[in-house]
Amino acid sequence: MYVVALAGSPSPTSRSLKLAEQAKALLAEQQIDTLLVSVYDFPAEDLLYARFDSPAIKNLRSLVANAAGVVIATPIYKAAYSGALKTLLDLLPEEALANKPTLPLASGGTAAHLLALDYALKPVLTTLKARDIQQGVFAIDKHISSDDDGAVRLEPELDERLRAAVSRFATSLKALYPARPQAAQPPGRRRDQPVSPLSIPGGPPRPSQGPCMKLLKTLLISVLAFTSVAASAEELSIGYQKSSVNLVVLKNRGLLEQRLKPLGVTVKWTEFAAGPPILEALNIGSVNFGMTGDTPPVFAQAAGTNLVYVGFEAAKPQGSAILVPKDSTLKTLADLKGKRVAFTKGSSAHYLVLRALKKAGLTIRDIQPAYLQPADARAAFERGNVDAWAVWDPYYAVAERANTARVLSDGKGLSNNFSFYLASRQFADQNPKVIAAVIDELTKNDAFLTAKPKEVAEILARTTGQEVGIFDTMLGRHPRFQVAPLTPVVIADQQRVANSFHEQGLIPHAVKVQDIVWRR
């Protein structure tokens, strides 16, 4: 098998390229070939003018299509990944990363850029249908160096993290191709033939630093300049998740489409597994409106995402919980010390864990966090690979009804668990009538949701493929669904959430929630 590593810096001496080179060496130790391809290897004109028919781009598309997995390496500038990389990724087919483990690597000047992997790069990989995005590695530039002979040198802590990430990546690759060593080879290449950059039929020579390449480096220094075009009022793109009861039912009833039709606005709906990827998508413009729990907006604000709070739903502290296996010996929150606890990083469950640990006199450093999306966390929980699982409804209700879990603690007294509606600041400022119409329809939908819970549960069951009883349980824990502007009390509660993550060193700097509350 072989892997394609795409290096996104337009500089041939970048630290992110060195990170990719080190990953290539580590994969070689696992008997996995890596074809390292840099944006610098392509004629600048092909990238600037999006020449899908150029031999170099055709060869790249073929390489990626036949690869077992992909490594993406990029420098981070001002919380954004390389614009040159974005240009190259845009030239790949829509499903280029489908069924391919993908390992993101990044380097930046300070730890403040840490969240760029989650909130800037991962959404783009998701649009290329990447489903197995590995836990990436962010490196501070000063921790990467070279010897006089060109050998890459990493600080010990960074070297350890990279080795662990590459080992997990290699394990995923070998799981996909356990008995098919020839399943993925570069086109036209014998297995015993060494891999070299662009050693493929018709591969281009490395371009010179001509005017076009200099122009490319100037134009593509930051992807934000490339993607932050004005939001169009012709389409409202909404990100939602299974727990977004109001949005899911509103979508099913078609009421929002009817309301916005006179304004000339169509509605596009996209489902996500959790809140963090919704805000990742909002950051790059894939959606311009969405709903999450309390924590994702805090991480997004800390990462520099240009979003605003436009409304909230009532607190539902009993709508999330920390679960343990039914036969677990864990009885109290203090028993979590030293245990492996699964939750989605940057989600409302993350905050619930922080609050629970604080109540028990512990910190996040006293447990072993397992940062997993809900579906992966459920699988790990059922296999016994984690000791506890913090999650929200309907996943909480699914585990309850499966009769395999016991509630160690729900959110009562720990987390108010507000739901928030958020939008791109640019979209909200340019389309206040659209935002107001959405909030109004969501609030009016509350009458239907509270008057007909059985019908609502059936709608949710049909939409998600889960049994009706799960949503009967979930709705029984949910108060009314009216949506209102954030009040001083809600803002203060959300500020406590933000402060908790900053105190634990989990976001790079303090944030002021009030700064991103939208004023109509």
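Setting aside neighbours within four places in sequence, Ser-107 touches Arg-15, Ser-16, Thr-74, Pro-75, Ile-76, Phe-138, Ala-139, Asp-141 and Ile-144, where contact means heavy atoms within 4.5 Å. This is a predicted model, with local features requiring pLDDT of at least 70 and side-chain atom pairs counted only at pLDDT 80 or more, while totals for chains, interfaces and linings use all residues. Residues are numbered from 1 along each chain as its sequence is written, and side-chain values use heavy atoms, with hydrogens and water left out.

Ser-107 sits in strand β5; helices (H or I, at least four residues) and strands (E, at least two) are DSSP runs, numbered from the N terminus. With 3% relative accessibility, Ser-107 counts as buried, on a scale where buried means under 20% relative accessible area, exposed over 50% and partly exposed in between (1.4 Å probe, protein chains only).

Asn-66 belongs to helix α3 (residues 55-66) and is partly exposed, at 35% relative accessible area. A polar atom of the Asn-66 side chain lies 2.8 Å from the backbone oxygen of Ser-62. Asn-66 and Met-1 are 65 residues apart along the chain, and their C-alpha atoms are separated by 9.2 Å.

On to the nonpolar cores, each a set of buried Ala, Val, Leu, Ile, Met, Phe, Trp, Tyr and Cys residues joined through side-chain atoms within 4.5 Å. The largest one holds 64 residues, and Leu-323, Leu-336 and Trp-389 have the most contacts inside it. Helix α13 (residues 348-359) supplies the largest share of this core, seven residues. A second, separate core of 43 residues includes Phe-289, Phe-427, Val-434 and Met-474. As for Trp-389, its contacts beyond four places in sequence are Ala-321, Ile-322, Leu-323, Ala-342, Pro-374, Ala-377, Arg-378, Phe-381, Tyr-395 and Ala-399.

Next comes a sheet. Five strands form an open sheet in the order β15-β14-β16-β13-β17, with mixed pairing; two strands pair if DSSP finds at least two bridges between them. The edges are taken by β15 (368-371) and β17 (405-410), each with a single partner strand, so one side of each has no neighbour in the sheet. From one strand to the next, the twist averages 30°. Strands β13 (residues 320-325) and β17 run antiparallel and are joined by five bridges, and Val-324 stands opposite Arg-406 in β17. Helix α14 (residues 374-383) packs on the sheet, touching β13, β14 (340-343), β16 (388-392) and β17, and its direction makes about 150° with that of β16. For these angles, axes are lines fitted to C-alpha atoms, for helices over the stretch in contact, and values run from 0 to 180 degrees between N-to-C directions.

Salt bridges number 16, taking a salt bridge as a side-chain nitrogen of Lys or Arg within 4 Å of a carboxyl oxygen of Asp or Glu. In the one between Lys-129 and Glu-94, the closest N and O atoms are 3.1 Å apart. Lys-129 is in the loop between α5 (116-127) and β6 (137-140), and Glu-94 in the loop between α4 (83-90) and β5 (102-108), so this pair ties together parts 35 residues apart in sequence. Lys-129 is partly exposed at 23%, whereas Glu-94 is exposed at 58%.

Another salt bridge joins Glu-441 and Arg-259 (2.8 Å, N to O). Because Glu-441 lies in helix α17 (residues 432-451) and Arg-259 in helix α10 (residues 255-260), the pair ties together parts that are 182 residues apart in sequence. Glu-441 is buried at 7% relative accessible area, while Arg-259 is partly exposed at 32%. Both residues also belong to a network of salt bridges that links Arg-259, Asp-440, Glu-441 and Lys-444.

Arg-477 and Asp-393 likewise meet through their side chains in a salt bridge (2.8 Å, N to O). Arg-477 is in the loop between α19 (468-476) and α20 (488-503), and Asp-393 in the loop between β16 and α15 (395-401), which puts the pair 84 residues apart. Arg-477 is buried, with a relative accessible area of 17%, and Asp-393 is buried at 5%.

Definitions and conventions. Polar contact = N/O pair within 3.5 Å; in protein donor to acceptor, adjacent residues only side chain to side chain.
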